[in-house]
Amino acid sequence: MKHIFTLFRSTILTCFLSLIVITSLSAQSGKIAGQITDAATGDPLPFVNVIVMGTMSGAATDLDGYYSILNVRPGTYDVKASAIGYQAKTVQGVRVSIDLTSKIDFTLAEESVELGEEVVVIAEKPLVTKDLTASTAIIGSEEIASLPVTEFSEVLQLKAGIVGNDGGFNVRGGRGGEVSYMIDGVPVTDAYDGSTVVDVAATAVQELQFVSGAFNAEYGKALSGIINIATKDGSNDFAGTVTSYIGDYYSTRTDIFTGVDDFEPTAIRNLEGSISGPILRDKLFFYSNARYIFFDGFLKGRDTYKPWDITFFDENAVPEEQYTFQQSGSGDIVSMNFSERVYLQGKLTYIAMPGLKFTFNYINDRTRFQDYDHERKFVPSGRPKNFRYGHTNILSLTHTLGANTFYQLSGSYFFKKFRSFMYEDLNDPRWAHDRLDSQQPQNGFSFKTGGQHNQAFSRITNSIGIKFDITSQVSRVHQVKAGFEINRHNIISENITLLQYIDGFFFGIIDSTRLNGRFDPGEDGIRDPDVSGNPFVSRRIPDINDPNENLSIFKYDKKPIEISAYIQDKIELDEMIVNIGVRLDYFDPDGQILNDPSDPDIYRPRRPENIAASLAERRTYWYKDVDPKIQVSPRLGVAFPITDRGVIHFSYGHFFQIPNYELLYRNHEYKMQISGENLPTVGNSDLKPEQTISGEIGLQQALTDDLSIDLTGYFRDIKDLTGTRADIIRLFGGAGSYSQLVNSDFGFVKGIIFSLSKRFSQGWAATIDYTLQSAKGNSSDPNSVADQRRNGQEAEVQIIPLDWDQAHTVNVTFSYANGPWGFSMIGQYGSGFPYTPTQSENLTKILTNSLTKPATFDMDLRAYYDIMISDFKLNLFARVYNVFDIRNEVNVYGDSGTADFTLAERLRRQDNSLELVNSIDDFYRNPTFYSEPRRVEVGLSFSF
């Protein structure tokens, strides 16, 4: 297999070198098709020229008057039909979307009717998309700009079937990471954990398409949905926008959110600009976008203690005086969930000749941030710093071979890096003793009074790929599309627990003559800081080959390969449209598994014959390579237009997704302690692809010229999800056991979606999306079974509500415009998510996720005013999130079912527990249990 990939890699590099001379990026496209007839007789007109104005795309009608124009980028166009002896006719405002057909029929009158005049009509976007065979939300740049949102992910969470949960979202009852992200037709999903490699700026999106139904065979590597992002292009006209806004949280809920009543107008600050236009008219175009945003956050702490502060304990003193605290912090209120992001994008489009286009798209996305840690609320400087960096390079060639066929060849390179560390420098003098991390009063509700994070984590995903697609309108009825894709990933991970020592420390005395900057045998450890008075230590990286240390260091460098191919046919008949296809997926995980699971740790063997062998000898037989995996996925989608305003659609398919590679390579060497029950769970490079069988049936119906409904029922039969095996693996000699990830989890999801849309007319537009859903399975998390056993609970396979099983979800949008001013609103309601009560621990098996949290409601608002100055527009706007400052409880205590109270809190109050570090309210009012408070932003946008 490796020599095959070498050939493919050479091909990819050749494509890159040939394309880099003429840099440019491809995008997925739509089609314009229809029939042209004589206005007087109704007869079809052959040989009529049809062109898409402003582009080089066009076609001529056949003998039956039919035409089709392929490879049209998403957007709005004017389409013109002309023939000798007939009046030319132009249809303005034709909307083209990814993978869909915009049907435009013409009737041409003889030219003698009104000599020399051209007929112009305004196209009206159909309320019902007749060739849509799977549930698809199509979101244009205008809709994104009009709503109170700043990120494209916020728009997605307004669509039916999506449930927001813990900062992410779940699609139709699936787990997180089951969505494939694409930019301009090229997948950009991080193979490590299923996230995006980069986030696209909302202002750079031309069209966003979200497919949550049974998607076509050309799309794979996803179980729940496909997110297609078509980014903006340059044109012959210069255009630009500069946007800036500032803001902060404005709330009186200081009982939950520390310092939230201190309004700082620049706590949130954003500056963004884009410019596009021609470099060579009609030939070379550019689009660029840059953004800087700083978000101070709403989760704050107080800088009371520093990581090196020592808490002294005197067991002979009275309880009120047993602890003496060092407090070297400033006492200031500081942010604990800030983020700072820089985004850069550059895109070039080069039209070498009619029918031959090159594109290049480069996106760079950098973010630094910190996560909230409630235990460290009074020692916020003890938390690690997080850095995320990613960039994408996509080069594409689109070549039209004739009137009915074109192909697209894309080469891509993605890089994503994540780092989390306390201090970047291993020799930083601020490293504090590990003992300080657990020195706070042991009264059950005390924040930490010192200490710090002592781990360093980094991981890198490098992906290089080539993608080829060819589309041909082989007849008026059949549009055939086929293609293949090859991806090679390089996934590198390093997770280290830094060890501490004091150089030259011998038998309780530091020998200054033996200080040499490293740890040597015989240096016998470190005294506790409360004894020595010295809180500082030196840190070192564990020796990965030393059995006494390498349980503190886990590293891998893997190079998996993925190959896929598909073929599909879009059959467009008058009475129905059919999408039918099949997909083949292959992946080689570049992993190994154990030959003897009962003796897993090559550094700490248990069998006598393995103990007698050297490490080098063990490596020759300890592991075996896993086999590649192959899956075949059939797909079928059918749409039946029942009237000129109604269509019924049906879709069904088998979908496979490779488990996130983080699960395959977790502890890939199977290192574990010498003994102990319920040792940590290990990964499994031999995991099979996870599988979902999805089906849906739906109705789209236009009720009036402006009002339409969509009613869809769906199911998802899920199996082979990654989970923890119900049985344990016993170590040789019976001295312990461990669990391994396997394809053991399953679930079943069913739901009904109702959508009501009123498109913009008479000054307003509105949408209502309602989802009724049941998401059940045996486990919400791959580690659930092992975690239950580790907590002393009996693991048993049972069907339970999944963590994101939200029965009722309602999203409402409203937009109003009256000349230069207008406003828009978003309302969201969700019934409570399930949680597991803790009052009856002996009944854990039947109580898992048996109760529900409180329901949530939120409303956001955007208002604007436009000022026109010649050809320039100045847009003044204000946004308010959580307008009514509602206290939504997104998490609860298991013993009370509310975030406002816990039985432990009552016991502390009844016992008159000493509040030595923090108050009882400080500890039990965890701000992460609540949704964010009211946020206010104001800004302006200048465009030309």
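Trainee: In S14, which residue is the bridge partner of Met-182?
Mentor: The model is predicted: local features need pLDDT of at least 70, side-chain atom pairs count only at pLDDT 80 or more, and totals for chains, interfaces and linings use all residues. Residues are numbered from 1 along each chain as its sequence is written, and side-chain values use heavy atoms, with hydrogens and water left out. Strand S13 (residues 179-183) and S14 run antiparallel and are joined by two bridges. In S14, the bridge partner of Met-182 is Pro-187.

Trainee: In what order do the five strands of the open sheet stand?
Mentor: Strands are DSSP runs of E with at least two residues, and helices are runs of H or I with at least four, both numbered from the N terminus. Two strands pair if DSSP finds at least two bridges between them. The pairing in this open sheet is mixed, and its order is S10-S15-S16-S13-S14.

Trainee: Which strands stand at the edges?
Mentor: An edge strand here has a single partner strand, so one side of it is left without a neighbour in the sheet. That describes strand S10 (136-140) and strand S14 (186-187).

Trainee: How many residues has the largest nonpolar core?
Mentor: A nonpolar core is a set of buried Ala, Val, Leu, Ile, Met, Phe, Trp, Tyr and Cys residues joined through side-chain atoms within 4.5 Å. Phe-210 and Leu-156 are among those with the most contacts inside the largest one. Among the elements that each supply at least two residues of this core are S10, helix H3 (152-156) and strand S15 (205-211). The count for the largest core is 34 residues.

Trainee: Is Asp-585 buried or exposed?
Mentor: Asp-585 is found in strand S36 (residues 577-588). Buried means under 20% relative accessible area, exposed over 50% and partly exposed in between, with a 1.4 Å probe and protein chains only. Because its relative accessibility is 14%, Asp-585 counts as buried.

Trainee: With which side chain does the side chain of Asp-585 make a polar contact?
Mentor: A polar contact is a pair of N or O atoms within 3.5 Å; within protein, one must be able to donate a hydrogen and the other to accept it, and residues adjacent in sequence count only if both atoms are side-chain atoms. For Asp-585 the distance is 3.0 Å, and the partner is Arg-583.

Trainee: What is the relative accessible area of Val-647?
Mentor: Val-647 lies in strand S40 (residues 646-657). Contact means heavy atoms within 4.5 Å, and beyond four places in sequence Val-647 touches residues including Val-128, Phe-640 and Leu-699. Val-647 is buried, and its relative accessible area is 0%.
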